[in-house]
Amino acid sequence: MSTIYMDNNATTKVDPQVLDEMLPYFSELYGNPSSMHRFGGEVGGKITEARERVAKLLGCEPREIIFTACGTESDNTAIRSALNAQPGKKHIVTTRVEHPAILSLCKHLEKREGYEVTFLNVDTDGNLNLNDLKAAIRDDTAVVSVMWANNETGVIFPVEEIGAICREKGVMFHTDAVQAVGKIPMNLSEMPIDMLSLSGHKLHAPKGVGALYVRKALPFRPFMVGGHQERGRRAGTENTTGIIALGRACEIAGEHIAEENDSVKALRDKLETGLMESIADAKLNGDKEKRLPNTSNISFGYVEGEAILLMMDQLSICASSGSACTSGSLEPSHVLRAMGVPFTFAHGSIRFSLSRFNTEEEVDFIIENLPRVIENLRKISPFSAKDSGPACTPRSTE
Ligand code: PLP
């Protein structure tokens with residue numbers, strides 16, 4: 001069997017229709033959209049169309065979209081804009097389970113730039129306590145940043161309620177929706193969200209393009225300063241092919257959202273049930289219901305995730321593990337640790353993330369083969385069901 005790709009939260013395949021749309025803009029229509037001539041103007045028109053397509057998927061106005069290079073840039077721009085637009089406010093509220101694009105930035109701001117950050121805890125299902133969030137907001141809070149959906153577990157946060165709390169308290173609200181856009185229907189014109197980040201390569205556009213939604217009339221300070229591109233909000237000659245691709249990918253995602261919610265979820269559920277029923281000591285990580293339709297994070301107790309990944313790789317199955325081997329010690333993911341998943345389970349966690357390109361045969365192949373892989377690994381595992389495994393020295397990410 002050819003490669004079974006179930007690592008779509010890491011990155012996705014460029015949809016062939018997206019590729020078709022962008023290709024002419026490399027070689028035939030390569031003008032600069034800022035040029036005065038018609039050759040460049042044609043590309044400018046295509047960027048306008050892409051902006052409209054992205055806005056349509058999000059349910060906002062095209063002028064509220066700023067194109068960036070990636071989700072990380074969108075996240076950094078949003079937080080720094082909130083801080084720079086409100087110089088007297090030195091406090092940020094976020095969660096312990098954000099992607100490093102937010103988490104590392106917040107730690108950097110705390111350590112090096114004199115800001116204070118409150119990192120909210122989650123419960124064992126990965127959910128937030130909104131009373132904790134309310135209590136964390138202070139008079140000097142510049143921004144609350146809470147992801148829409150978690151990249152490791154798929155757990156969805158109640159961004160509408162969080163936004164309402166922020167609005168009531170007069171605090172800007174940013175959401176990292178890199179994993180949510182294209183998977184969850186959204187209508188930002190009716191939601192109390194001030195800023196939202198997305199990334200092209202998570203929704204079948206290429207790597208190297210992202211976008212930031214900034215609600216109209218929200219004070220904004222650019223991160224990249226230079227030319228007048230993006231109405232002075234993000235300098236630098238546009239990644240025209242990437243932007244055109246992102247526009248088409250958003251258009252297609254809009255057409256596929258219902259299908260992803262049904263057929264992708266059906267495949268995901270079949271995979272999940274099949275594995276959980278046939279493998280002992282398997283545990284689902286994250287809220288079973290409030291979850292992205294494509295994501296399943298399962299811990300296989302008493303075996304190392306990286307070993308599972310290597311064995312799956314032999315079978316041409318691509319997925320991710322919730323632990324990373326750093327300097328010889330296995331470090332479980334900060335998300336699973338925040339959820340209090342025991343080490344012997346956190347070590348053995350595997351994230352399967354599907355897309356509309358996966359098939360039932362692929363799911364059947366995994367259900368047929370993975371139980372044997374886990375069984376063989378458990379025979380040689382240093383962990384055992386009786387002890388808690390070798391001492392693990394987690395390095396704090398806080
Ligand atoms: N935020 C989340 C939730 C993500 O999953 C990712 C990528 O994995 C990012 C931000 C960063 O996006 P990019 O890779 O486009 O910088």
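I shall speak about the domains, their interface and the ligand site.

The model is predicted: local features require pLDDT of at least 70 and side-chain atom pairs pLDDT 80 or more, while totals for chains, interfaces and linings use all residues. Residues are numbered from 1 along each chain as its sequence is written, and side-chain values use heavy atoms, without hydrogens and water.

An automatic or database domain assignment gives domain 1 (16-255) and domain 2 (257-379). Their C-alpha centres are 28 Å apart. With contact taken as heavy atoms within 4.5 Å, domain 1 contributes 31 residues and domain 2 contributes 23 residues.

How much area do domain 1 and domain 2 bury between them? The value is about 2300 Å², with 58% of it on carbon and sulfur atoms; buried area is the accessible area (1.4 Å probe) lost when two parts are put together, summed over both. Of the area that domain 1 buries against domain 2, Glu152, Thr153 and Lys183 supply 30%, more than any other three residues.

I turn to the ligand. A polar side-chain atom of Ser199 is 2.6 Å from a ligand oxygen atom. For His201, a side-chain N or O atom lies 2.9 Å from an oxygen atom of the ligand.

How values were computed: A polar contact is a pair of N or O atoms within 3.5 Å; within protein, one must be able to donate a hydrogen and the other to accept it, and residues adjacent in sequence count only if both atoms are side-chain atoms.
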